[in-house]
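Here is a short briefing to read alongside the model. Please keep the viewer open as you go through it.

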Amino acid sequence: MAVAWRYSLRVGTYLAKQKLLRRKHFPLVLELEPLFACNLSCTGCGKIQHPASVLKQRMSVEDALAAVEECGAPVVAIAGGEPLMHPQIHDIVNALVKRKKFVILCTNGLLLRKKLKNFTPSPYFTFVLHIDGLKERHDAIVEKPGTFDECIEAFRAAKAAGFQVGSNSTFFNNDSPQDVIDVINFLNDDLKVDQIQLSPGYAYEKAPDQEHFLAVEETRQMFAKVFGDGRRKRWRLNHSPVFLDFLEGKKELSCTAWGIPSYSLFGWQKPCYLMSDGYVTSYKELVETTDWDSYGRGKDPRCANCMAHCGYETSAVLATMGSLKESIRAARMGA
């Protein structure tokens, strides 16, 4: 509870400041990718498709911190690749926590128990483990038997050590609504995950498997059934009610990819980490030279089936902050 309210207060204050300054484009979460290498080859991910010379590279601590300071986002989500393969990842995390940035480290869990001693619990720091199904389904997606069991053991070890631990689950068109319900029930009731994140399988153009991404109507139908019978009210979902409404087709939102910019070994990616429209060397250049109005469903055919958090979570947050009714609903959901 203390962590949730600390986060809400910081983000709320930050958003109020942006409104007061009349800024149209501003970062809410920085997606930081300090490497592309990974110890898994998930079917829905394209990061490890880079050449070996790129996969060997690691972002320096100095470059990572400079990117965070440059854009000024209050939240930093560290992804990859597998961040725990970076030999200085704990130095990056510790430096950001010292600056009182909210840090989310996304990991598949395989190295977590080994690396746990390098980190210190903090209300500003959360491990988020990728759990994309129950045992058989998860291991099939990541293409490595035993990954699910190790991920669960890593979760329990991190919780026992006093860390805030969340989960992130991506679902595809060969997952049934009951599959999704079973996974969330397991995360919520059995593991007692602190924050549960959900995502429809988005059309990531470099991913090896292009056949099982969800179309918009498939996403809406799936989540309408998943959230039925009042289930979403009892789950500890780390999303605003507006974004959940969006997933099940109750509300329409416009893409605000500028809210979650991506910085990697190549620089600032235009317009988001799901697309390949080039890179620029500064956050200022990213904001000022990207034609943000040309992206999103109905504008760019590549965005036709996207309902991903990088485009729509900021939209949901802004819709919540702009409505007293939605703000109250979000506060009750987090209580």
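Predicted model: local features only at pLDDT ≥ 70, side-chain atom pairs only at ≥ 80, totals over all residues.

Residues are numbered from 1 along each chain as its sequence is written, and side-chain values use heavy atoms, with hydrogens and water left out.

**The sheet**

- Nine strands form an open sheet with mixed pairing, in the order β6-β5-β4-β3-β2-β1-β7-β8-β9. Strands are DSSP runs (E, at least two residues), as are helices (H or I, at least four), numbered from the N terminus; two strands pair if DSSP finds at least two bridges between them.
- The edges are held by β6 (195–200) and β9 (279–280); each has a single partner strand, so one side of each is left without a neighbour in the sheet.
- Strands β7 (residues 262–264) and β8 (residues 267–269) run antiparallel and are joined by two bridges. Here Tyr-263 stands opposite Trp-268 in β8.

**The β5 to β6 side**

- Six bridges pair β5 (residues 164–171) with β6 in the parallel sense, and Gly-166 stands opposite Gln-195 in β6.
- Between β5 and β6 the chain passes through helix α8 (residues 177–191), making a right-handed β-α-β crossover. Right-handed means that, with the strands pointing away from the viewer, the path from the first strand over the helix to the second runs clockwise.
- Five of the six residues of β6 are buried (under 20% relative accessible area, with a 1.4 Å probe and protein chains only).

**A helix across the sheet**

- Helix α3 (residues 61–71) lies across β1 (29–32), β2 (75–78), β7 and β8, and runs at about 160° to β1. The angle is taken between N-to-C directions, from 0 to 180 degrees, of lines fitted to C-alpha atoms, for helices over the stretch in contact (heavy atoms within 4.5 Å).

**Aromatic rings**

- There are 17 aromatic pairs, meaning rings of Phe, Tyr and Trp (its six-membered ring) with centres within 6.5 Å; planes under 30 degrees apart count as stacked, over 60 as edge-to-face and the rest as tilted.
- Phe-119 and Phe-125 are stacked, at 5.7 Å centre to centre with 15° between the planes.
- Phe-119 also pairs with Phe-127: the centres are 5.4 Å apart and the planes at 80°, so this pair is edge-to-face.
- Ring pairs link Phe-119, Phe-125, Phe-127 and Phe-163 into a cluster. Phe-119 is buried at 6% relative accessible area, Phe-125 is buried at 1%, and Phe-127 is buried too.

Conventions:
Buried < 20%, exposed > 50% of the residue type's maximum accessible area, 1.4 Å probe, protein only.
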